[in-house]
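Subject: Structure handover

Hello,

The structure we spoke about is below, with my notes after it. Please read the notes with the structure open.

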Amino acid sequence: MSALSRLPVRLLAFNILLVFLPAAGVLFLDTYERHLLEAQERTMGQEGRLLAAALEAHGGLDAAHARAILVTLGQRHLARLRVVDRAGTVLADSALLGPRRPPAEPSLSPTPALPAPPQRRLLYLVGSLPFRLLRGADSPVEQERDPIDADTGVLTGGEIVAALGGRYGAATRVLGDAARTVMLNIAIPVRIDDEVAGAVVVSQSTRRIMSTLYAVRLDVFRVFLASLAVAVVLTLVVATTIARPLARLRRRAGEILDRRGRLTGGFEPSRRKDEIGELERALAELTRRLEEHLRHTESFAADVSHEFRNPLASIRTAVEMALEVENPEERRHFLEMVQRDVARLERLLSEVREISRIDAHLDEEEDSPVELATLLTGLVESFRLRSGGSGPRFELDCAGAKATVVGSADRLTQAFENLIANAASFSPPGGTVAVALLSGGGHAEVTVADEGPGIPEEHRERIFTRFFSWRPAGEGAGHTGLGLAIVRAIVDGYGGRVSYRSRAPRGTEFIVSLPLAPSNAPRLSRGPGSSDGAGPEDRGPVSATAAEAR
Amino acid sequence: MSGTVAIVEDEQNLRDNVAFALRREGYEVAVFADGAAAWESFQRALPDLVVLDIIMPRMDGLELLRRIRSTSATLPVIFLTSRDEEFDRVLGLELGADDYLCKPFSMRELMARVKVLFRRLALAAQPGDGAEQLLGVGRLTLDLRRYTALWNGSPLPLTVTEFMILHALARRPGHVKTREQLMNEGYPHDTFVSDRTIDSHIKRLRKKFVAVDEDFDRIDTVYGLGYRWAEEAR
């Protein structure tokens, strides 16, 4: 399955590793087993010592008495009890008195050591295989029985010899059972008058402990199997929810560019709420913007070629006509037309270059704090000088506002120059172009108002669009339609906004809003004429003409 | 030959030049700066021929053409396009323009088109005067005076340019014409036409033939050379 690439495999490995941690806990059961066996041996020792004490209290060791005590115990003990004399001959054996009926035991659960159902056994055998292999070293054990002297019927086991020698004796004998059942034997000396008269032999199989452990191990194994299944399922789920969508995203990313390197298709915005959905949405947004940018670039190129064709067509036909007409005045007319159109092409070329540079490199230009009041004062002054009294009047009102923005002084000058030139070109003779600067609310606002015919509502959407130019009928042709587009490109580049509104009764007001330089904010509006503490929110009047000075 | 030519063009210099040239040729000229102004006047009286820019403020050329065609199906219209996009030309021709020129065009080329369209108009008005100049190539018949073509007897709606290119091909069946040769035939006065223009003309020619005859395959592309009118198997 291709979806099960490396990521899901790693997840599976990790999950299974986690599952093996509880499985390794099975090893702890060995310690548990040893403790259980020690506890059993202590219990047996106690039973043996009690019997020995009872025998010692009688003062002598004989078979009848020993059997009588065993009878009295009434099989309520846990282990097989035997009494041997000094020679090792069995005097009494609880096993000969019938089956033991031990009292209900609180600690060790009295699970009857029933033979396990076959499938359980199989499960156990499969589960215990690695452990059995691990223990392979000590598994081949010799089968032992209680060593008995065949001729005399005397018990000759090591524990009995030890007990008859006056010491505590213990021995385990493997019964050759599948479940490693062993017989635990201990022997305790019976002393009468400080002499070893015989011994009490206590025997009990570990079968009960073993079957308990057997059940526990089986349960652990079952939990292990269930966890394993869960781990596999989890991994599959993770594979389908993470790896598959990722693989799909990767495939989609590979298909985004076709063989010719064109952008085709894109990421579909996902409805998933998780990180993959976020990634998908981010990629979709990325390609969408990339596509938009490409489309914008392409349409800009088409627009540029379109815009160049009109003056070219005009030049070409004018040259043709100039060559054909005989009248020198007519020829002059056509040649002048060529001259004007060449100038227009040059202007167009430089503005296209300008706007491309703004698009591409605005961030690369060196930004520095620019004092807008100073910039506007110089700019308006230069417009006044250039117009030489023939054009509209230029008014500037900074109302003492000091607004510093961060940007390139050249670019900002260009933006405001375009706006003022635009306003001037729409102004009727003797009209006024009013420039005002306000600051407050973290923004500097520059307004440029004219008294022109206003912008028809139908063009509202397109007024800042590249190459869009609207002039009232009969007014100067030859505007490139890039002036306001350049203004917008520059203002947008500095995180500002440019908009316009119509003025009553006539005219248009353009509003440029630029974010103030951050460090400047607290000491705003300390202009030369407003040292009396005008705050940042103190916005100057829109149409004041206080700064008009000539 | 005279008549009224309306020029609808927002580029003032170009408008003035075209008007000047047309007046020199003896035509009456009416100039309009945008489609809306032109339509206002056309509603009162239609001119005899229209030279139309496509991209204009206040009603573009395509919309104006649509309105003209709703009034007159035969008024000759020449488009002046400044876009490279095939779209404008195809749409313009499908809406029923008679020809188009790409800016920057040659004024002589435009004058030649105007002349041909007027001639076509005049001849269409007085059919069968016996002075026909017909060229028959197999199932193709070209009327060299009217600039009209018949395939299997069905008229083909060709522009003047397409007619001239087809004429250049069909005149010498089996001979390959290079794009440059076809350009010179199609635009005899213009030296600035891109040779890709010929490809789109050929494409449209084939389409117009296929529209009247599904099995049409007479125009061969000779790779690396140009195009050829295939001789019909006999």
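I start with a loop in chain B. Pro104(B) is found in the loop between β5 (99–102) and α5 of chain B. The peptide bond from Lys103(B) to Pro104(B) is cis, with omega about -5°.

Before the rest, the conventions. This is a predicted model, in which local features need pLDDT of at least 70 and side-chain atom pairs count only at pLDDT 80 or more, while totals for chains, interfaces and linings use all residues. Residues are numbered from 1 along each chain as its sequence is written, and chains are lettered from A and ligands numbered from 1 in the order in which they are written.

Confidence

The model scores are ipTM 0.78 and pTM 0.57. Per residue, the predictor's confidence is pLDDT, on a scale from 0 to 100. Chain B has a mean pLDDT of 85, and 90% of its residues reach 70 or more. For chain A the average is 76, with 79% of the residues scoring at least 70. Two stretches of chain A should be read with these values in mind. Residues 137–143 of chain A stay under 50 in pLDDT, and the model has four contacts for them beyond four places in sequence. Residues 520–550 of chain A are also below 50, and this stretch has 51 contacts in the model beyond near neighbours in sequence. A contact is a pair of residues whose C-beta atoms, placed from the backbone, lie within 7 Å.

Chain B

Chain B has eight helices and 12 strands. Of its 234 residues, 41% are buried; that term stands for 20 or more other C-beta atoms within 10 Å of the residue's own, with 12 or fewer for exposed, partly exposed in between, and C-beta atoms placed from the backbone. Among contacts in chain B with a separation of 6 or more, 57% are between residues 24 or more positions apart.

Two residues other than glycine have a positive phi. Tyr147(B), in the loop between β7 (140–143) and β8 (148–151) of chain B, has phi of about 60°. Tyr147(B) counts as buried because it has 21 C-beta neighbours inside 10 Å. Asn152(B) has a phi near 60° and sits in the loop between β8 and β9 (154–156) of chain B. Asn152(B) has 12 other C-beta atoms within 10 Å and is therefore exposed.

Helix α6 (residues 160–171) and helix α7 (residues 179–186) of chain B pack at about 130°, their axes 8 Å apart. Axes are lines fitted to C-alpha atoms, for helices over the stretch in contact, and angles run from 0 to 180 degrees between N-to-C directions. The angle makes α6(B) oblique to α7(B); the classes are roughly parallel under 35 degrees, roughly antiparallel over 145, roughly perpendicular from 65 to 115, and oblique for the rest. On the α6(B) side the contact uses Thr161(B), Met164(B), Ile165(B) and Ala168(B), and on the α7(B) side Gln181(B), Leu182(B), Glu185(B) and Gly186(B). These residues divide into four nonpolar, three polar and one charged. Nonpolar covers Ala, Val, Leu, Ile, Met, Phe, Trp, Tyr, Cys and Pro, charged covers Asp, Glu, Lys and Arg, and polar covers the others, Gly among them.

Chain A

Chain A has 11 helices and 14 strands, and 27% of its 550 residues are buried. Of the contacts in chain A between residues at least 6 apart in sequence, 67% join residues at least 24 apart.

In chain A, the axes of helix α6 (residues 207–255) and helix α7 (residues 275–324) come within 11 Å and cross at roughly 10°. The two helices, α6(A) and α7(A), are therefore roughly parallel to each other. Ile242(A), Pro245(A), Leu246(A) and Leu249(A) of α6(A) make the contact with Ile276(A), Leu279(A), Glu280(A) and Leu283(A) of α7(A). Seven of the residues in this contact are nonpolar, none polar and one charged.

Between the chains

In the interface, 19 residues of chain B are in contact with 18 residues of chain A. On the chain B side, α1 (12–24) and α5 (107–125) each supply at least two residues, and α1(B) gives the most, with seven. The chain B side divides into nine nonpolar, five polar and five charged residues.

Regards

Terms used
Helix = DSSP H or I, 4+ residues; strand = E, 2+ residues; numbered from the N terminus.
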